[in-house]
Amino acid sequence: MARKGGSALRRARAWLPGLLLVTPSIIAIGVFVYGMLGWNFSLAMTDKHDEVSEGNFVGLQNFVDIWDEPRWHLSVNHAILFTVVFVLGALVLGWFLAFLMEKGIRGRAPSGRSTSSRWRSRSWRRASCGAG
């Protein structure tokens, strides 16, 4: 019995400090991200449009009604355009940077490669065999 308790205590000592360290962050994310998402969603299900009115539950009717607004269509079009331009721009920039990295910079590649590869091999040897 004493062994089992000691083992559990040893296991708790391994993961408990880490859990205690990240618990405030988990609580903050729960309140400020998911709590606010829930609050906004519950507010979107009412007809409360200002701070002083009571507001009644209307369900998904607000989401159906918004498609009748011309500004909503413009906003959706802008969001789609921004997404397409951003994703294509990120892809083109990524391809361009990958091309530059693959091509290399003239005059600097041999010294940079040999230094870093020498360092990597020494570090690997130290870690694996204790030599270096």
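This is a predicted model: local features need pLDDT of at least 70, side-chain atom pairs count only at pLDDT 80 or more; totals for chains, interfaces and linings use all residues.
Q: The expected span of a helix is 1.5 Å times one less than its number of residues. What span should H3 have, and how far apart are its end C-alpha atoms?
A: With 34 residues at 1.5 Å a residue, H3 should span 50 Å. Its end C-alpha atoms are 49 Å apart, which agrees.

Q: Where is confidence lowest, and where is it highest?
A: It is lowest in helix H4 (residues 109-129), at a mean of 56, and highest in H3, at 96. The mean pLDDT of the protein chain is 84, and 77% of its residues reach 70 or more.

Q: What makes up the secondary structure of the protein chain?
A: It has four helices and zero strands. Helices (H or I, at least four residues) and strands (E, at least two) are DSSP runs, numbered from the N terminus. The order of elements is α-α-α-α.

Q: How many aromatic pairs are there?
A: Rings of Phe, Tyr and Trp (its six-membered ring) pair if their centres lie within 6.5 Å; planes under 30 degrees apart count as stacked, over 60 as edge-to-face and the rest as tilted. By this rule there are two pairs.

Q: Why is the pair of Trp67 and Trp72 called edge-to-face?
A: The ring centres of Trp67 and Trp72 are 5.7 Å apart, so the rings pair, and their planes stand at 90°, so the pair is edge-to-face.

Q: Why is the pair of Phe82 and Phe86 called stacked?
A: The centres of the Phe82 and Phe86 rings are 6.0 Å apart and their planes lie at 20°, so the pair is stacked.

Q: Where do Phe82 and Phe86 sit in helix H3?
A: Phe82 and Phe86 are four residues apart in H3 (residues 70-103), about one helical turn. An α-helix has 3.6 residues a turn, so residues three or four places apart point the same way.

Q: Are Phe82 and Phe86 buried or exposed?
A: Buried means under 20% relative accessible area, exposed over 50%, partly exposed in between (1.4 Å probe, protein chains only). Phe82 has 58%, so it is exposed. Phe86 has 55%, so it is exposed too.

Q: Why are Trp67, Trp72 and Lys48 called partly exposed?
A: Trp67 has a relative accessible area of 44%, so it is partly exposed. Trp72, at 31%, counts as partly exposed. Lys48, at 32%, is partly exposed as well.

Q: Where is Lys48?
A: Lys48 lies in the loop between helix H1 (2-44) and helix H2 (61-65). Lys48 and Val58 are ten residues apart in sequence and 9.7 Å apart in space, C-alpha to C-alpha.

Technical notes: Residues are numbered from 1 along each chain as its sequence is written. Side-chain values use heavy atoms; hydrogens and water are left out. pLDDT is the predictor's confidence in each residue, from 0 to 100.
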